[in-house]
Amino acid sequence: MKKHLFLFALLMCAVLAKAQDYTYDSIVNIDLGFYGFDVRNLLELRDGSIVSYSPFYVIDENGHYVEDLGDVLVKVSPNPNATFVDSTLMANDYANHCLLERNPQGEDNLFVRVARDFEHLKTNLLIRHFDDQLNYDEVSDVVVPLEDAIILNAEKYLLEDEENIIVWYALGAGQEVVPITPVMVRVGLDGTIKDRVELPDTLMGRYSSCLNNLMVYNDSPREYAWGQTEQGANPKFGFFVVDSLFQLKEYVRVEEGFEPGYTMDYSGEKMLPWDENSYMIASRFKSVTNQKDNGVRITKYDKISHENLGSVRFATFPQSPYDVFVSCGIPADLKKSADGSLYFAYQTSDSFVRYYVGVAKLDSDLNVLWQRYCLNLSDGHMPNMIMSLEEGGLVVSGYERGTIGGGASPTLFYLFFHEDGTGFPETETYIRPYLFYPNPVDDEIHMQYSSDVKPLRIDLYDLNGHLLHSQSNGLDRIDMKGLPIGTFTMRVTLEGGRVYSDKVMKK
């Protein structure tokens with residue numbers, strides 16, 4: 001059974017339909033008035049294509065939630081001739097998160113999520129199987145009763161070995177949802193509940209929905225961890241470690257500063273266990289004296305002492321002292337790559353409120369192997385998920401804010417990278433191994449390059465193709481004082497012959 005996403009009426013009514021052919025644009029740019037979605041999970045199928053999960057919902061003109069449309073799976077391919085492949089509506093109400101995994105006991109895939117039954121005030125776990133063509137059969141669904149109550153809208157999942165699903169969720173104490181009771185449940189793939197543990201109430205005080213993914217912290221002995229940010233006047237970030245039977249072992253408060261004069265600016269923290277001796281934390285940083293000196297950083301910590309083993313910073317795009325808008329960076333995700341390196345993605349913006357996706361590959365000592373800037377001049381970019389591919393490389397997915405016909409209309413995006421940081425043909429038009437600023441420019445363009453590339457020459461052309469300026473030395477600064485006001489094409493030639501073109505405007 002498959003529910004297709006292709007018309008507004010179909011989404012609203014969840015009408016069953018036969019398989020049809022659609023283009024990628026017909027899915028992501030369809031005008032539904034005011035609506036919203038997000039990218040929460042990615043799964044690489046056996047044929048190399050990617051499935052992403054997005055909750056889909058209606059919002060009003062002020063951006064407030066109105067109605068659920070369903071949980072959508074979208075299948076795309078890195079093949080440049082077939083970017084969009086298919087889509088299906090997996091369930092008819094909103095879920096905060098779900099689990100997407102290959103079925104370790106079969107040739108199909110798992111779609112697992114908490115299902116809230118508001119009519120009967122119950123919470124169940126839905127275990128659904130779907131094939132690589134996104135077909136599923138509701139008759140084979142496994143529905144597991146979890147609670148005789150509606151749980152809070154925060155849950156995390158983990159596929160444990162090849163037999164079980166671990167679910168983390170929170171029970172509230174009434175309208176104020178304070179205190180909360182975290183619950184961990186181990187469920188077999190057949191729906192059998194094997195373990196259920198209620199952890200201590202209010203582990204970090206006031207409940208926050210800013211939760212990191214549930215993950216394996218240690219293999220031997222088996223331990224699990226999740227991170228949590230407590231919001232408020234004095235926000236705190238840390239993570240909890242439990243043993244294989246879900247008994248709390250320790251809470252680790254991550255240090256608030258990593259060098260004199262800076263603090264950890266809390267938003268979107270990511271935690272990744274790295275090996276038996278260390279783990280990584282991605283977070284924002286901010287100067288205590290200059291709010292424009294900020295960005296994102298990755299810090300490596302010792303698992304025993306929790307000592308800081310080193311950090312690397314990714315500064316937000318530079319700003320002039322006269323900029324009113326204060327741009328900042330937000331971590332998107334950390335992943336261990338297929339070759340044992342570290343992939344990192346983050347969102348950043350410039351002083352003109354244009355948003356960009358930063359992507360980097362690092363070694364285990366946090367040396368940057370390459371860095372890419374995914375340029376976009378729209379209302380906003382929000383990368384939510386990254387994933388290391390089995391054959392090497394990376395996919396970054398998220399949504400881009402935008403409007404169509406006056407209505408909120410975000411667009412899904414997928415960026416595919418090879419292991420060396422080069423993109424698939426359709427991705428190359430969006431990524432650069434350098435950034436330049438400001439744009440528009442008065443007299444001088446500043447260039448910043450990834451450590452794995454070397455610039456050879458920069459040429460500036462007018463819109464008629466006439467060469468106006470060529471420079472092969474001092475390529476970190478491009479002098480535009482002698483050029484007239486207008487728009488130019490900047491061609492950047494790198495060692496190895498790669499050439500990129502960008503539009504630059506002189507004020």
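A nonpolar core is a set of buried Ala, Val, Leu, Ile, Met, Phe, Trp, Tyr and Cys residues joined through side-chain atoms within 4.5 Å, and the views below, which start from such a core, show a predicted model.

**View 1. An open sheet of four antiparallel strands.** The strands follow the order β10-β11-β12-β13, and the edge strands, β10 (155-160) and β13 (193-198), each pair on one side only. Within the sheet, β11 (residues 164-171) and β12 (residues 181-188) are joined over eight bridges, and Y169 stands opposite V183 in β12.

**View 2. The tilted ring pair of F314 and Y346.** The ring centres are 5.7 Å apart and the planes meet at 40°, so this pair of F314 and Y346 counts as tilted. Because F314 belongs to strand β21 (residues 308-315) and Y346 to strand β23 (residues 342-349), the pair ties together parts that are 32 residues apart in sequence. Both F314 and Y346 are buried.

**View 3. A ring cluster, and charges placed over rings.** W168, W226, F240 and Y251 are linked into a cluster by ring pairs. Elsewhere, the charged end of R313 sits over the ring of Y262, 4.8 Å from its centre, while K336 lies over the face of W274, at 4.7 Å from the ring centre.

Key: Residues are numbered from 1 along each chain as its sequence is written. This is a predicted model: local features need pLDDT of at least 70, side-chain atom pairs count only at pLDDT 80 or more; totals for chains, interfaces and linings use all residues. Side-chain values use heavy atoms; hydrogens and water are left out. Two strands pair if DSSP finds at least two bridges between them. Helices (H or I, at least four residues) and strands (E, at least two) are DSSP runs, numbered from the N terminus. Rings of Phe, Tyr and Trp (its six-membered ring) pair if their centres lie within 6.5 Å; planes under 30 degrees apart count as stacked, over 60 as edge-to-face and the rest as tilted. Buried means under 20% relative accessible area, exposed over 50%, partly exposed in between (1.4 Å probe, protein chains only). A charge sits over a ring if NZ of Lys or CZ of Arg is within 6 Å of the ring centre and within 35 degrees of the ring normal.
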